[in-house]
Amino acid sequence: MPRLSEVLTALDTLWPPEHAEKWDAVGTVCGDPAARVERVLFAVDPVQEIADEAIRLGADLLVTHHPLYLRGTSTVYAGTFKGRVVHTLIKNDIALHVAHTNADHVDPGVSDALAGALGLRITGPLVPAPTDPGGRRGLGRICEPDTALTVRELAALAAERLPATAQGIRVAGDPDAPVRSVAVCGGSGDGLFDEVRAAGVDAYLTADLRHHPASEAREQGPPALLDAAHWATEWPWCQVAAAQLDTVSEQRGWGLRTHVSTTVTDPWTAHAAQAGAAPGETVPVPGAASAAAASDDASGAPN
């Protein structure tokens with residue numbers, strides 16, 4: 001079995017930390033470099049539920065896409081939920097390593113995995129990295145479907161292929177418009193609307209689309225917007241990342257056992273479909289009338 005330091009060197013080769021955004025917090029959060037590593041768990045979020053899963057699995061290393069301490073900290077007190085995660089991992093000899101925007105920029109990266117999950121053919125990065133003369137690294141990907149789709153069909157495809165979440169897939173634009181080219185970006189992507197429009201694609205699939213940026217983008221015309229859950233657009237990367245480490249392990253004779261968590265750590269847990277009332281209309285709520293009547297009776301009852 002390799003030591004943690006050897007595995008970390010391999011991870012930094014796959015997702016070089018120098019490719020991360022300056023504001024990011026990537027790399028190793030905890031772990032003994034001399035410890036042996038046999039099992040590795042990949043997940044999107046370093047939350048307590050995932051730490052507990054790593055314990056049950058007997059993992060020696062947890063690799064997550066999202067940082068535990070993105071904005072820094074002055075404490076790992078176990079009375080805080082992040083401190084509890086750190087204490088849980090250290091007490092059980094589990095290291096934590098983060099590959100965030102460095103995994104977004106590489107080839108293959110997070111958006112490659114998203115495109116692959118949808119069966120889209122990648123033609124290049126949406127925002128090419130200026131340090132890559134080959135033009136393969138960068139944020140997002142521009143893709144083409146194997147056969148022409150409508151926006152509605154692309155949304156249905158995403159709903160079918162991506163992990164199910166309470167949000168599902170939201171669409172802005174004509175559902176029947178044809179889609180011959182697609183831009184995708186795993187995670188929050190409404191900061192790339194200018195690049196998406198410049199690419200001339202018919203649709204853009206990403207996550208975390210906010211009202212004002214999305215509204216302003218739609219007022220300028222195409223492309224159609226498809227908004228999936230943040231977690232769902234990044235989870236496919238875990239599968240790709242685990243396969244990449246498997247390849248390294250086989251080449252070096254390490255015998256690592258990699259696992260991908262299927263625990264849904266998307267924060268939203270339920271979705272209520274609305275009745276579709278127009279502004280100003282009221283829709284009767286079952287039980288509301290009887291509840292109001294009971295309240296009136298109670299208010300007029302003698303003490």
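Predicted model: local features only at pLDDT ≥ 70, side-chain atom pairs only at ≥ 80, totals over all residues.

User: How many disulfides does a search of the whole structure find?

Analyst: A disulfide here needs two cysteine sulfur atoms within 2.5 Å. Searching the whole structure gives zero disulfides. For C143, the nearest cysteine sulfur belongs to C185 and is 11 Å away, and C143 is in no disulfide. C30 is in no disulfide either: the nearest cysteine sulfur, that of C238, is 17 Å away. C30 is also buried, at a relative accessible area of 8%.

User: Let me step back to the whole chain. How many helices and strands does the chain have?

Analyst: The chain has ten helices and 13 strands. Its C-alpha trace spans about 75 × 60 × 30 Å along the principal axes. Of the 303 residues in the chain, 45% are buried. Among contacts with a separation of 6 or more, 65% are between residues 24 or more positions apart.

User: Which residues touch the most other members of the largest nonpolar core?

Analyst: The general idea first: in soluble globular proteins, nonpolar side chains tend to be buried together. Here the largest nonpolar core has 51 residues, and those touching the most other members are L11, W15, F42, L61, L154, V184 and W237. Helix α9 gives the most to this core, with nine residues. Another core lies apart from it, with 15 residues, among them A51, L62, Y69 and V86.

User: Which residues is L61 in contact with, leaving aside its neighbours within four places in sequence?

Analyst: The contacts of L61 include L4, V7 and L11, as well as V37, R39, V40 and L41. L61 is also in contact with I94, A95, L96 and H97.

User: A95 is in that list. Where is A95 placed, and which residues does A95 contact beyond its sequence neighbours within four places?

Analyst: A95 is in strand β4, which covers residues 95-98. With a relative accessible area of 3%, A95 is buried. Beyond those neighbours, A95 is in contact with L4, C30, G31, D60, L61 and L62. As for a distance along the chain, A95 and T150 are 55 residues apart, and their C-alpha atoms are separated by 45 Å.

User: Now helix packing. At what angle do α1 and α9 pack?

Analyst: Two packed helices are described by the angle between their axes and the distance between the axes. Helix α1, residues 4-14, packs with α9 at an angle of about 130°, and the axes are 11 Å apart. The two helices are therefore oblique to each other, and their crossing is right-handed. Where they meet, E6, A10, L11 and L14 in α1 face Q244, L245, V248 and R252 in α9 as contact partners.

User: Is Q244 buried or exposed?

Analyst: Q244 has a relative accessibility of 15%, so Q244 counts as buried. Its place is in α9, which runs over residues 230-252. Not counting residues up to four places away in sequence, Q244 touches L14, W15 and P108. L14 is one of the α1 residues at the meeting with α9, while W15 is one of the residues touching the most other members of the largest nonpolar core.

Key. Residues numbered from 1 in each chain as written. Heavy atoms only, no water. Helix = DSSP H or I, 4+ residues; strand = E, 2+ residues; numbered from the N terminus. Buried < 20%, exposed > 50% of the residue type's maximum accessible area, 1.4 Å probe, protein only. Contact = heavy atoms within 4.5 Å. Core = buried A, V, L, I, M, F, W, Y, C linked by side-chain atoms within 4.5 Å. Axes fitted to C-alpha atoms, helices over the stretch in contact; angles between N-to-C directions. Parallel < 35°, antiparallel > 145°, perpendicular 65-115°, else oblique. Left-handed = near helix turned anticlockwise from the far one by under 90°.
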